[in-house]
Amino acid sequence: PQIGWFRWEAYVVWLSGLALMALRYFWQADLYLIDLRKAALLPWQAVALALAGLVVGWLAYDFICKRAWDEPVRRAAIFILLGALSYVYADIFSGRGAFIEIGAITGTIMAANVAHVLVPNQRRMLAAARAREPQDEARFAASRQRALHNNYLGIPVVFLMLSTHYPLAFAGRYNWIVIALSFVVGAAIRHFFIARHRGQGALWWTLAVAILGAALMVWLSFAGAEQTLARARPTNAIDAIASVMSPDFGEVEDIVSARCVACHAKRPAWAGLATAPRGMLLDTPALIRAHAQDIARAAIWTRVMPPPGVDAGMTDDERATLAAWLKAGAPAR
């Protein structure tokens, strides 16, 4: 009965996640998946590559699990697989698209483990028990292996899905390393609790690995921002690139109106958008000033906005103008 409940939980999570991915990332691939600076993909090509990743990721993972390798070697191979996929998709998709794609690949692996290994093996083991036949130890070992992998992959999936709201995490030059490190950090945290539950004591070294890995992820997020900001904190980053005099607020308003308001308005003009992304409105002077730090994160420290999959045309000079305005304290003049 327990695996039955777990099965439906896994299926519902995967199906609902795929539906949301289709509605947001596939339906609006030009906004969320494509980065024209990396690959001039058409929306259907980006969707095809995303779907292919789900299939390839599962097949490669399943192939690794069926090899007669020691478990540490197998886990290292799985990590290399996920790291390689992270590198590939970060190189062809936008940062946001790469994060959501690797999260989807990992979630697919977890759901497929349930559908193709855990549930079938449990049914066969129950049938053998009812028939009073000896259990197949190989099936038991495979189920234990896949269940343990799912346990370790749970935290990274949550991180990858949530981090798409934070540009510094996904939009830097080292974003694929951040993804790879999330698997290390998540596995270390999970291993700590698994060891405690097994009565092995508190393995504090795993928490040390998790803390150091998380700190490295944060550092890489800032270091991977615009090259001139690589060694700057966000509060000083604007100083690093502001090469113009403090502009008149009218210039800032013109830039935001031309490059941002098509999406960030009460009634977005961009086809397919019913509401502004994240509910962020930039269609009045007061709202522009209220979201000054959001503008800094999305358009100055990173180039998340305007979306890299559309030719919105924001120039370096315009970004420098926004930076100078923010450096001056975002004045309303």
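Axes here are lines fitted to C-alpha atoms, for helices over the stretch in contact, and angles run from 0 to 180 degrees between N-to-C directions. I keep that in view for the helix pairs below.

**Ground rules.** I am working with a predicted model, in which local features need pLDDT of at least 70 and side-chain atom pairs count only at pLDDT 80 or more, while totals for chains, interfaces and linings use all residues. Residues are numbered from 1 along each chain as its sequence is written, and side-chain values use heavy atoms, with hydrogens and water left out.

**Entry 1, overview.** I counted 14 helices and zero strands in the chain; helices (H or I, at least four residues) and strands (E, at least two) are DSSP runs, numbered from the N terminus. The C-alpha trace spans about 85 × 45 × 30 Å along its principal axes. Of the 333 residues, 47% count as buried (under 20% relative accessible area; exposed is over 50%, partly exposed in between, with a 1.4 Å probe and protein chains only). I also looked at contacts (heavy atoms within 4.5 Å): among those between residues at least 6 apart in sequence, 69% join residues at least 24 apart.

Helix α5 (residues 95-130) packs on α6 at an angle of about 155°, with the axes 9 Å apart. That makes α5 roughly antiparallel to α6 (angles over 145 degrees count so; under 35 is roughly parallel, 65 to 115 roughly perpendicular and the rest oblique). The crossing of α5 and α6 is left-handed, meaning that the near helix is turned anticlockwise from the far one by less than a right angle; clockwise would be right-handed.

At what angle do α6 and α8 pack? I read about 130°, with their axes 8 Å apart. That makes α6 oblique to α8. The crossing of α6 and α8 is right-handed. On the α6 side the contact includes L148, Y152, I155 and F159, and on the α8 side I179, F183, A187 and I194 are among the residues involved.

Helix α9 (residues 204-223) has 20 residues and reaches 28 Å from its first C-alpha to its last, close to the 28 Å expected at 1.5 Å a residue (the expected span is 1.5 Å times one less than the number of residues). I find T206, A210, G213, M217, L220, S221 and A223 buried in α9. They cover an arc of only 160° around the axis, so they lie on the same side of α9; the arc is that of the directions from the helix axis to the C-beta atoms. The buried residues of α9 pack against α6 (137-162), α7 (167-170) and α8 (175-197). What is exposed on the other side of α9? There I noted W204, W205, I211, L212 and W219.

Nine of the 12 residues of α14 are buried, so α14 is largely enclosed by the rest of the structure. L322 is found in this helix and is buried, with a relative accessible area of 1%. Leaving aside neighbours within four places in sequence, L322 is in contact with V252, I255, V256, I295, A299, I300 and M314.

Most residues other than glycine have a negative phi, and most peptide bonds are trans. A cis peptide bond joins M305 and P306, with omega about -10°. P306 is found in the loop between α13 (292-301) and α14 (316-327). Just after α14, G329 takes a positive phi of about 95°.
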